[in-house]
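Here is a colleague's note for someone new to this structure. Please read the numbered points beside the model.

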Amino acid sequence: MHKEEWKKKLHGLMRGCQDEISKATNIGKKMITASQTNSCLQEKYMELGKLAAKHLDAGILEWENPRVDELLEEIESCKKDLQLIEDEVQKIKSHSSDERN
C-alpha cells in the first residue's frame, strides 16, 4: 500500500507540472501575440503621426495646439540634424576614397 501512495503522489505531481507547463506555454503565446499587436499599434501611430505632420506642413490640416507646434519644430530640428550627419558621412566617405587614389 505504501508503494501505491507514492505512485499516486508522483502522478499528482506530474499532472501538476504538466498543468503549470501548459499554463506557462499559453501565457507565453499570449505575450508574443500582445508584443506583435503592440508593435503593430506603434507602427500605426507612427504612420498616423507622419501623415498628420505632412498634412500640417502642407497646410491641408490645421491643428491649434501648442504641443503640436512644439513637436513639428522638434521634427524639423531632427530632420536638419540628420541631414547634417548625412552630409558629414558623405564627406568622410569621399575623403576616404580620395586618399586611396
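1. Start with Glu-20. At 47% relative accessibility, Glu-20 counts as partly exposed, since that class lies between buried (under 20% relative accessible area) and exposed (over 50%), with a 1.4 Å probe and protein chains only. This is a predicted model, in which local features need pLDDT of at least 70, side-chain atom pairs count only at pLDDT 80 or more, and totals for chains, interfaces and linings use all residues. Residues are numbered from 1 along each chain as its sequence is written, and side-chain values use heavy atoms, leaving out hydrogens and water.

2. Which residue forms a salt bridge with Glu-20? The partner is Lys-23, with the closest N and O atoms 3.5 Å apart. A salt bridge here is a side-chain nitrogen of Lys or Arg within 4 Å of a carboxyl oxygen of Asp or Glu. Because Glu-20 and Lys-23 are three residues apart in helix α1, about one helical turn separates them. Helices are DSSP runs (H or I, at least four residues), numbered from the N terminus. Lys-23 is partly exposed, at 48% relative accessibility.

3. Helix α1 also holds Lys-44 and Glu-47, three residues apart, about one turn of the helix. Their side chains meet in a salt bridge (3.9 Å, N to O). Lys-44 is partly exposed, at 47% relative accessibility.

4. Now helix α2. Lys-79 and Glu-76 both lie there, three residues apart. They form a salt bridge, the closest N and O atoms being 3.6 Å apart. Lys-79 is partly exposed at 47% relative accessible area; Glu-76 is partly exposed at 35%.

5. Arg-67, Glu-70 and Glu-74 are linked in a network of salt bridges. The whole structure has five salt bridges.

6. How much space lies in the largest pocket? About 250 Å³. A pocket is an open set of points on a 1 Å grid over the protein atoms alone, where a 1.4 Å probe fits, with protein on both sides within 12 Å along at least five of seven lines; lining residues have an atom within 4 Å of a point. The lining includes Met-46, Lys-50, Trp-63 and Ile-75. Helix α1 gives the largest share, six residues. Both α1 and α2 (66-100) supply at least two residues each. The lining divides into nine nonpolar residues, one polar and one charged.

7. Finally, Leu-10. This residue is found in helix α1 (residues 2-58). Leu-10 counts as exposed because its relative accessibility is 51%.

Definitions and conventions. Grid points are joined across faces, edges and corners, and a volume is the space filled by probe spheres set on the points. Ala, Val, Leu, Ile, Met, Phe, Trp, Tyr, Cys and Pro count as nonpolar, Asp, Glu, Lys and Arg as charged, and the others, Gly among them, as polar.
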